[in-house]
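Let me put the structure up, and then we'll walk through it together.

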Amino acid sequence: MYSKLVKVCFSLLCLCVCAKSLAFETGRSGYVISVGQGKTEYTLMSFFVLPEKSVDISVVKNGKALPFTIAQDTISEQVTSFKWKAPATPGMKTLVVQPKGELASTVQIFVMHPMAQVKNKKLNGYTIGEYPKEAYKGLDNYKPPVGFVEVTKANQDILVSPHYTLKQFLCKQSSGYPKYVVLQTRLLRKLEYITEAVNREGIAMESFTIMSGYRTPFYNAAIKNKKYSRHQWGGAADVFVDENPKDGVMDDLNKDGKVNVDDAKFLWDMVEKFYREAPDYKHLIGGLGLYQANAAHGPFVHVDVRGYRARW
């Protein structure tokens, strides 16, 4: 009897250990770091600034400022606000923010190549194309981006947030390296939020498959997409769940034995539910679109951070 009880307890322990190992790690820090106009609630997040631009960094928890130190080349004194100035040369700088009594967070700041460096619609040989001369409805977030992040073979696999890499957002146009991308911190936060929420609903995945992230205006025109597609501003992603099996298309999320637009609708409904029920999601307002399969791709969902609600 005792032996049988030991075996049962051991089996339960194994199940608990296995469940723990499979548990989704959110990457949340428990506090909010502000970097200029951007924010993050994750222990790893990327921000994007122009050369020699200064940004103020601060930390808040439960509405109260937290003292912190910053480590880059040296460790700062404990402060409640820190002004960081980007170097003159584009590249990535890593800051370790250590709030008092909390886990440390990694802040990656990508110093961009300014838009002014684009000549004859190209940046260092990489074709960008031309952004619309007039902003859609006069909105500021439809003005041409201020700069571009350089992507190389050496940095393409770097994590830009807890579950997403720089390479996942590259435009699909053919070219050698270096390549360039526009990416918004708000999109990374939105993808992280939805990734966490989908796991909470019982769909186990490490990250979405990003079918389309950034698109240069050149590529966007080549595929005959809409003139003001948010992909051109680094604030949109076409995504699907591809975990079981990993075959390059959407999983059978609704478990009806088929993979079709109904599975994309299942994901669409889930994301819309998160938006309605989660107040901390509303500041990432944007578009949510549903697409069925065609000869070129399987079903997918579009998400973006355009700044106003849009559904299709």
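So, a quick one to start: which residue in E4 does Val 32 stand opposite? The answer is Val 60. Keep in mind that what you see is a predicted model.

Strand E1 covers residues 28-35 and strand E4 covers residues 54-61; the two run antiparallel, joined by four bridges. E4 also pairs with E7, residues 82-85, again antiparallel and again through four bridges. In that pairing, look for Val 55 facing Trp 84 in E7.

E4 and E5 make a hairpin with two residues between them, and if you check the turn, Asn 62 has a positive phi of about 50°.

Okay, zooming out. The protein chain has 21 strands and four helices. Its radius of gyration is 21 Å, close to the 20 Å from the globule rule for 312 residues, so the chain is as compact as a globular protein of that length. As for burial, 45% of the 312 residues count as buried.

How about contacts? Taking those between residues at least 6 apart in sequence, 61% join residues at least 24 apart.

The accessible surface is about 16100 Å², and carbon and sulfur atoms account for 56% of that. On charge, we've got 41 positive and 30 negative, and their mean positions are 4 Å apart.

Terms used:
Residues numbered from 1 in each chain as written. Predicted model: local features only at pLDDT ≥ 70, side-chain atom pairs only at ≥ 80, totals over all residues. Heavy atoms only, no water. Rg over C-alpha atoms; globule rule 2.2 N^0.38 Å. Buried < 20%, exposed > 50% of the residue type's maximum accessible area, 1.4 Å probe, protein only. Contact = heavy atoms within 4.5 Å. Areas by Shrake-Rupley, 256 points an atom, 1.4 Å probe, with all protein chains shown as cover. Lys, Arg positive; Asp, Glu negative; His and termini not counted. Charge placed at Lys NZ, Arg CZ, Asp CG, Glu CD. Pairing = 2+ DSSP bridges.
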